[in-house]
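User: Hello! I would like to learn how to read a protein model, one feature at a time. Could you walk me through this one?

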Amino acid sequence: MSMNGEPKIEVGPQSRQGRIASGGFAAGPIVRLEPTKRAAATPQSAGPAAERAALVAALAHARHDLSDLVSGTTGEASDILSFQLALVEDDVLTEPAFASIGLGEPASSAWQKAVGTLIADYDAADEEYFRARAGDLRDLETRVLDVLSGSTQRPDLPEGAILVADDLAPSLFLSLPWDGRGIALEAGSATSHVAMLARSRSVPMLVGLGPLAVLPGERALLNAAEGCLVLRPDAETERRFNSRHAQLESIRQQDASQAKRPAVTADGERVEVHINIADPAELDNLDPAICDGIGLVRTEFLFHERHGLPGEAEQAEVYARMLRWAKGRPVTIRTLDAGGDKPIPGLTLDGEANPFLGLRGIRLSLAHPEVFRIQLRALLRASTAGQLKIMIPMVSIPEEMERVRALIGQARAELDRGGIRHRAAALGMMVEVPAAAVTLDLFQTDFVSIGSNDLVQYTMAAGRDSDAVAALADAGNPAVLRLVGMVARAASELGIPASLCGEAGADPRVLPLLLAAGLRSVSVAPARVGEVKRVVSSFRRERPRDRRQSLARRLGHALGLGGAGRG
């Protein structure tokens, strides 16, 4: 420590490791985002009328700013901001603050008290979704307090800047320019909303770096591809950084050129590579030639953060748009997968003890047949625009698929009677529950797609959004791979296609293991297609002799026989 109690600034390059939230590189000056300093003492009230007027004006200011941000975003970014916008307009949040003002409390402390109560409830929730929303509440709290205090400045980010902060609010992230810039957080989470936004915009970001003793304007190097932040680099460190950046950029360019080529293993086997889509806007400026089709369309985007549920005609047009984009390639649209970490007001249950094991996916749809029927009718109407495949999430028992087939039959009959154009579609299921993986032969399904995120979660009893058990949530675990192999073999025996549409399909470490388990079809984020095809091209199936030698070597090592397995 220095004499004045500040952290001592060391001279020379310093390297700090963090967790990768979004890959990439940035090099430039540090910009330190300091927490807003507020008066330690509670301010004096100017009287209930004046304080109420101040809070009304601050809420209106926040509403205006959030509305502007929402209009410029789509997908999950829009959902995050819409959540805050809904809270600004929610009497459940604002009325307690106005009540406190009426009792003589200043607007700022009344607002903090009202929001703080709700934040505490969200922080204490069992569900990761609600704990993540606590961060959105803090973001909104700060936004309104800034207006009340007159402190609404945003940091200036020069070219190449690396923003250093304890954490970063989603709305602040969305209001700043990020091209060529990066983020280094002392705290933060790789599963937070701002991390998701950084990934969606390819902004390099590290989290969990710990306290950083930095001065504004100091030069730093952010290698978020490998989890490293270098402070005050010397010339040799800069040279190595630039060399590594160039090397990985070359690989990225190779992946981009690989994207439009077929995915073929080293021994000539064709592997299908599809893409996952969470919002139709993701298809803008995307060439369908990079993929074999859309392997997963998440339809939740139509239901989140809106007034009322989407109608049949609206859904049908959105689905048809994606089918037209695919130009004859198959498009697999998953029916509503709400529940768990994806609650929908008015549809999902509030306060479930364990929502990941509760009413989610097909269980929720079958509990609300009136909503499910509209989606099925919309899908059947859209199927005239291309090669549609309907996929059912969270299937556990054969009876669920039987009920879905019956509902589709009823929907087709209704459309026939109404003279509405439609067409039959293949009906398949996701394999996310181990019970479905080990009894696949009992299900009547036209295809299967393994949802690796949930399959890992349920197999390993490790929440997929929990950093505390992240080491257990491994798609490369032998138990998970055995289930994948069982599904691949069962599907082959049944004569139906099998694919995988979770994050494991784009993991360079896990993908070869999935191919070895028998999968020949994956669905990944559009940005990962080239990399996946590159990994596929280097995969070679192990021959029986190779397997015997590999087994002998493993046995030899286990028994301490150094020469075992030769020859």
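Analyst: Happy to. Let us begin with burial: a residue is buried when its relative accessible area is under 20%, exposed when it is over 50%, and partly exposed in between, using a 1.4 Å probe and protein chains only. By that rule, Glu-218 and Arg-232 are both buried. Before we go on, note that this is a predicted model, in which local features need pLDDT of at least 70 and side-chain atom pairs count only at pLDDT 80 or more, while totals for chains, interfaces and linings use all residues. Residues are numbered from 1 along each chain as its sequence is written, and side-chain values use heavy atoms, with hydrogens and water left out.

User: What links Glu-218 with Arg-232?

Analyst: A salt bridge, meaning a side-chain nitrogen of Lys or Arg within 4 Å of a carboxyl oxygen of Asp or Glu. In this pair the closest N and O atoms are 2.8 Å apart. Glu-218 sits in the loop between β6 (205-207) and β7 (219-223), and Arg-232 in the loop between β8 (228-231) and α8 (235-258), so the bridge ties together parts 14 residues apart in sequence. The element names come from DSSP runs, numbered from the N terminus: helices are H or I with at least four residues, and strands are E with at least two.

User: How many salt bridges are there by this rule?

Analyst: The count is 27. Another of them joins Glu-238 to Arg-219, with the closest N and O atoms 2.5 Å apart. Glu-238 belongs to helix α8 and Arg-219 to strand β7, so this pair ties together parts that are 19 residues apart in sequence. Glu-238 is buried at 15% relative accessible area, whereas Arg-219 is partly exposed at 40%.

User: How should I read a salt bridge inside one helix?

Analyst: Start with the geometry: an α-helix has 3.6 residues a turn, so residues three or four places apart point the same way. Here, Arg-252 and Glu-249 are three residues apart in helix α8, about one helical turn. They form a salt bridge whose closest N and O atoms are 2.6 Å apart. Both ends are partly exposed, Arg-252 at 47% and Glu-249 at 26%.

User: Which residues are linked in a network of salt bridges?

Analyst: Glu-300, Arg-334, Asp-337, Arg-360 and Asp-454 are linked that way.

User: What about a charged residue that is buried but has no salt bridge?

Analyst: For charges, Lys and Arg count as positive and Asp and Glu as negative; His and the chain ends are not counted. Lys-533, in helix α17 (residues 529-537), is such a case: the nearest side chain of opposite charge, Asp-292, is 5.8 Å away. A polar atom of the Lys-533 side chain does lie 2.5 Å from the backbone oxygen of Ala-259. Contact means heavy atoms within 4.5 Å. Leaving aside neighbours within four places in sequence, Lys-533 contacts Gln-258, Ala-259, Lys-260, Arg-261, Ala-263, Val-273 and Ile-290.

User: How many of the nine residues of α17 are buried?

Analyst: Seven, so the helix is mostly covered. Among them are Val-529, Gly-530 and Val-536. The cover includes α8, β9, β10, α16 (511-516) and β17 (521-524).

User: Is Thr-265 buried or exposed?

Analyst: Thr-265 is buried, at 4% relative accessible area. You will find Thr-265 in the loop between β9 (263-264) and β10 (270-277). Although Thr-265 and Ser-537 are 272 residues apart in sequence, their C-alpha atoms are 4.4 Å apart. Val-92 in helix α3 (residues 91-102) counts as exposed, at 64%.

User: How do I read empty space inside a model?

Analyst: Rolling a probe the size of a water molecule over the atoms shows where empty space is left. On a 1 Å grid over the protein atoms alone, a cavity is a set of points where a 1.4 Å probe fits but cannot get out, and lining residues have an atom within 4 Å of a point. Grid points are joined across faces, edges and corners, and the volume is the space filled by probe spheres set on the points. The count is one cavity of 30 Å³ or more, and the largest cavity holds about 50 Å³. Its lining includes Phe-303, Leu-336 and His-368. Helix α11 (369-382) gives the most to that lining, with three residues.

Notes: A polar contact is a pair of N or O atoms within 3.5 Å; within protein, one must be able to donate a hydrogen and the other to accept it, and residues adjacent in sequence count only if both atoms are side-chain atoms. On a 1 Å grid over the protein atoms alone, a cavity is a set of points where a 1.4 Å probe fits but cannot get out, and a pocket is an open set with protein on both sides within 12 Å along at least five of seven lines; lining residues have an atom within 4 Å of a point.
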